[in-house]
Structure formats: structure tokens, C-alpha cells
Amino acid sequence: MTKALSPSRAAAFAVAYTLLTLIGRATATEGLVVSLIWPGSGVALLWLLAESPRHVLRVLVPLMAIHFGVVLATGVSPLLGFFGAASVTLQTAVAGLLLRRWCPTMLGAGGTASIRSPRNLAAMAGAAAIGCALGAAVGTLGLWLDQAPVTALTPVAWFARHIAGVLTVGAVGHLAWEWRTQPIPTRIHGGSRTELVLLWVVSVAMTVLLFVQPYPVVFLVIAFAVWSAARFPTFPAALHCLVLGGIALWLSLTGHGPFDAIDDPVAEVLVSQLFMVVVLLTGLAVGALGDRVDESYAAETAARAEAAEQAELLAEMTESMDEGLVVLDADGRVERSNGASRQLAHRVSVATTDADALAELVGLLRDPDPSDTRAMRAELGVGDVVIALSSGEEVVLAVSRATLSRANRRPGVLLVLREVTEHRSGLRPLAGFASTAAHDLRGPLSAIRSWVGLAVDDLEPDSPAAEPLRRAERASEQMGELIGDLLEHAIAESGELAAREVPLAGPDGVLDQVSGLLGPDDVLTVDPDLPSVRADPVALRQLFGNLVGNAVKYARPGEPATIAVRARRKGSRVVVEIEDWGVGVEDSERSLIFQRFHRSGAVRAHFRGTGMGLSICQTIVQRHGGTIECLTTPPGSGTVFRFDLPAA
């Protein structure tokens, strides 16, 4: 909101309006009551805009009084003086009101913008036109009541002199207001001070020359307006255009130039003011357009600088990564790489250039030697590639890829390389031991369960030894489940993975194969167009079997299990969600349920199990290069598991 004007500034506006009113009255020629020009209209509008909207009467009342007093002192009748003052007051109030409503971001309307935009310039012209039209109607009525001669040209001339004052003095004054109160950027490709001095000297001299010679070529002045606005900021350009238009108007009033050939002095001045307004509006329009171009150029330059900074930051980040990054174009050629990938490449190809070493590494990753059966070792994951070094050692790389979409170009490929040699070699003995131990324990445990079962069958039901033997039988059954889960976990962690395309839905899909885990009333809803994945079929059946089996096991007591399976393609992966409406998982347990042997107290009290199923699922998903999580759901709404697998 604009603050109230101080008394000194209000007095300055009052003095400026008084002086310009006297200048306007000086142009009232013999035989005419009204003035030919009225520059005070622009000052009146600026005065109103500078005052707070809550105190407009502090402007309108003294404005009317000053106008009435000056014109009365210069020979105008009281009746016409009153209507003239009312005319200026009305047009100023209406123009100011409309400008504040249409352009609330402008100076004087609560904002900081000026008319250096096509929209604000058009709004100012429109508001001035409406206000001056109403003022012309009031002024013409005053002339008629005062019995002054009134013709069809009278309201037009009244309108023209006032709108010319608003669009010249008012527009340039508003630009000066902005120039004084705000930092204004210079033209990006602007002119020098020498060029500015040359412009003023040449344009003023040429304007005078064009108006004192007899040929009608004064339109050439517009070229200087374009030159000024295109090379210099809008305010000095508008000031320059105003001076050129003022020279043209003054020369016309003193009998020079082509407009002097017009017999009617009112029409002559009307055309002269029109010429001045056209010159100024041309400069303002070109200046506003230049400002928009400069702003766009500055924004583009800033965006490029920010993009370059982000690219530099991204390059520094990728160079500092331990994982190797290689970007391939659509033809498989290396476009970019980071330091880690180049180090890996030079371990494979010693004493070669970066480009040759990377090309050889990518070739080994994309087309591994079919005779190299080590890639099928049990501890390796789906994305693992074994590369033999010239030293006789080997490197195991976990490789993942993603498609890079590009505008107007064929898509490329991003390869992410992570060396997992030590990790995979450490898994080999552990996985082998777990598999052997679980397998060897099954035999003795089966014998124990058989002998205990026979002993229970031979005893009398009320025998004192029957209950201890039944407990031993139940313990052996639980031990058998635990060993079975341990063996499944060992297979999931160390079993050989032979990845191929596997459908999720359909008659041959994995979900159809695990549907036997459902009870007669259980419901499994599967989207028929689920995307296929590239994974090991056995591991995949184990993964979906555990998740569907858990949904059946942990259904609400007395209710059938309801399970929904969704999947969508996301880049080079397929994201799968399995949702059930069972007992659900507490928020405090979501980060713990994938740990081996973890079972919450509520589940342990009502459901049997070993706590290995979800750990097996996590192992299978991780060996396929993905992650699995239990999503947060409202209490009592079941469970949603989300994981991702390689897309087919």
C-alpha cells in the first residue's frame, strides 16, 4: 500500500501542476477560450498515484482548487473554470482508480513495476483514454453552458490535449519515479555514453531540420525513437522521445513544419500532439520489448550458468563415487565415464588408452565369453560378471543398467559397475556350509521323529510318559521346519541363478504356480497384463510362494485371505506390489521383519513359524539387484510388500 505523501512532496506536486497549468494557458490563442495543450494532466495523475488510496481527497480537492484559481486568473469565466476543474479532477480520479485496479503491481498501485511492460503500458493508455473521455464530456458541457462555440471537433480536441499530457508527462514521470526508487538494469547490448551524446546531437538537429524544411518527411523522427529505445534504458529513451516530440510541437506552434499547412489551429495542434504521442509510444513500445528481451536473455544466461554449475557438481560427484559409471550411446560407444570405471578398465586392459580400455571392458560386460562357466557359480547374483585379469586373478562385477531417454535422439544406456569380488568370495564357503549343515541334519532328525512317533503310538493314552513324548514329537516337527527354512535360505543365498524371461501372470506364470497355497475360500487377484521379468524361475517361485503363503497364514482369524498383485514397468525394472488384508505389521516392526528369525510378540503368540520367510525373500530380491520393503499402511488395513526385479 502506498504511504501518505509528506507535506513537502504534496507541495512540490501542487507547484508543478500550477506551473504546467500556466504553460498550458499560454497556448490559448486569440479567439479561443481553451488551451491547445495541457501537460498538467500527466502531473495530476502522478500526484494521485503517489498519494495513498485512502487519502485521494488530499489530491483531488487541492487539484480542483488550483486548476480553478489559475484558469480564473488567466481570463476564463467562473462557470467554465468550474467545469474545467471538474473535468481534470474527474479524469484524474477515474484514470487512477482504473490503473490501480488493472495493474496492482505498478508503482502507485501497491507494487514496484513501471510501464516498462506492454501490459502495463496498454493499461495506462486505456485508463487514461476512459478518464479523458469522461473529462472531455464534462469540459464540452461547460463550454456549451458558457455559450462558447462548440463543434464536433471540440470534445476531440479536449480529449486529445489531456490524453497527450497523460501519455507524455505522466508516462515519462512514472519512469523517472521508477528510475529514482529502484535499480534499473542497463541494456545487455546497450550503447555507450559517446553514442548517447551522438544520438542527442544528431536527433535534435535532424528534428529541427525536418520541421523547417518544406517537405513532409517528419516521420523520419520515429527512427531516432527506435534507435534510442533499442540501445538505451527505457527512461532515458522515453525522455529523449519526449524532447523530440516537444521540439516538433513547439515548432508547429510557432509556424514551422508540415503541420502548419493545416488552416484550423485546433486541428494543427491536434495533429502535432498526435505526432508527439506516436513518437513517444514508439519509444516506449520498443523499450518495453527490449526490456522483455533483456530479461529473457538474463534468465537464459542465469539458467545456463546454473546448469553448468550443476553439471560441474554432478561431474565432481560421479568422479568421487566408488561405483563405476559408463554412459553408452545408441550404438554402444562410450560417451562418458567416471574415474572408478576407468580404473576398472585399466585393470582389465593394461597399458592402453582410456577409450580402448573402456571399450574392451564394455565388450566383456555386454558379450561375456560363453565358455566362461564361472559366471554360473552358486554365490553369484543375476547381474554379476566374472572377468579374468592378465595376472591370473579374477574380478567379479555387479552390473546394472538403465535406459537413458533423450530428446530427439535414440536412447542410450547407463551401466553401473560395482566390484563385489571379496563379498562374493566370502559368501561361497558360508553358503556351502549352511547348505551342507541343513541337509545333513535332516537325516538324524527324521530318524528321531520316526522313533518318537512309534513310541507315542505304543503307549497307553493315560501313560505318564505319553505327554513328554508328545512334546518331544512337536519339538522335532518344529526343528524340521527350521531346518527346512535354513535349507531354503541357503539355496536362496547360494543356489545357482539361471536368469531367463519369466511371466508373472497367465497359465504359465509364477503366480499361477503358487496358487496351490491358497485355501478353498481364499482370493488371489492378479492383473492379467503384468509385465514379464528376467529372473531365475526357481528363486522366483520361492519368492512369490513365501509372500503369498504369508498372506494366507496371517489372514484375519475366521476370514479367508484376500490378496492382490500389481506390477508396472519402471525403466529397466519391474516394480511389484503384493497386498493383503490380513493382520498387518506394526510400524515399529517394519524395519525388523526382514531379519533372520525375527517374529513379533503378537505373531509369535498366535501363529507358528520360524521367522525365515521374509529374510529368504529379501535375499532373492537382492540377488536379482533389487530391494524389498514393507509399505506403511493405516492400522488394521493389512500389509503391502513392494520389490523390484529386472525387466524382461
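Q: What sits over the ring of Trp 158?
A: This is a predicted model, and in it the charged end of Arg 161 lies over that ring, 4.4 Å from the centre of the Trp 158 ring.

Q: OK, and how many aromatic pairs does the structure hold?
A: There are seven aromatic pairs. One of them joins Phe 82 and Phe 83, whose ring centres are 5.7 Å apart and whose planes stand at 85°, so this pair is edge-to-face.

Q: Why edge-to-face for Phe 82 and Phe 83?
A: Because their planes are at 85°, and planes over 60 degrees apart count as edge-to-face.

Q: Is Phe 82 buried, exposed or partly exposed, and what about Phe 83?
A: Phe 82 is partly exposed, with a relative accessible area of 43%, whereas Phe 83 is buried, with a relative accessible area of 14%.

Q: And what about the rings of Phe 211 and Phe 275, how far apart are their centres?
A: Their centres are 5.8 Å apart, and with the planes at 65° the pair of Phe 211 and Phe 275 is edge-to-face.

Q: Which residues do ring pairs link into a cluster?
A: The cluster consists of Phe 211, Phe 259 and Phe 275, linked by ring pairs.

Q: Switching to the surface: which residues form a nonpolar patch there?
A: The patch is made of Val 197, Leu 198, Val 201, Val 202, Met 206, Val 208, Leu 209 and Val 212, which together have about 630 Å² of accessible area.

Q: Where is Leu 198 placed, and is it buried or partly exposed?
A: Leu 198 is located in helix H7, and with a relative accessible area of 46% this leucine is partly exposed.

Q: Zooming out, how many helices and strands does the protein have, and what share of its residues is buried?
A: The secondary structure comprises 18 helices and 12 strands, and of the 648 residues in the protein, 44% are buried.

Note on methods:
Residues numbered from 1 in each chain as written. Predicted model: local features only at pLDDT ≥ 70, side-chain atom pairs only at ≥ 80, totals over all residues. Heavy atoms only, no water. Phe/Tyr/Trp six-rings, centres within 6.5 Å; stacked < 30°, edge-to-face > 60°. Buried < 20%, exposed > 50% of the residue type's maximum accessible area, 1.4 Å probe, protein only. Lys NZ or Arg CZ within 6 Å of the ring centre and 35° of its normal. Patch = residues over 30% accessible without salt bridge, like charges linked within 9 Å, V, L, I, M, F, W, Y side chains within 5 Å. Areas by Shrake-Rupley, 256 points an atom, 1.4 Å probe, with all protein chains shown as cover. Salt bridge = Lys/Arg side-chain N within 4 Å of Asp/Glu carboxyl O. Helix = DSSP H or I, 4+ residues; strand = E, 2+ residues; numbered from the N terminus.
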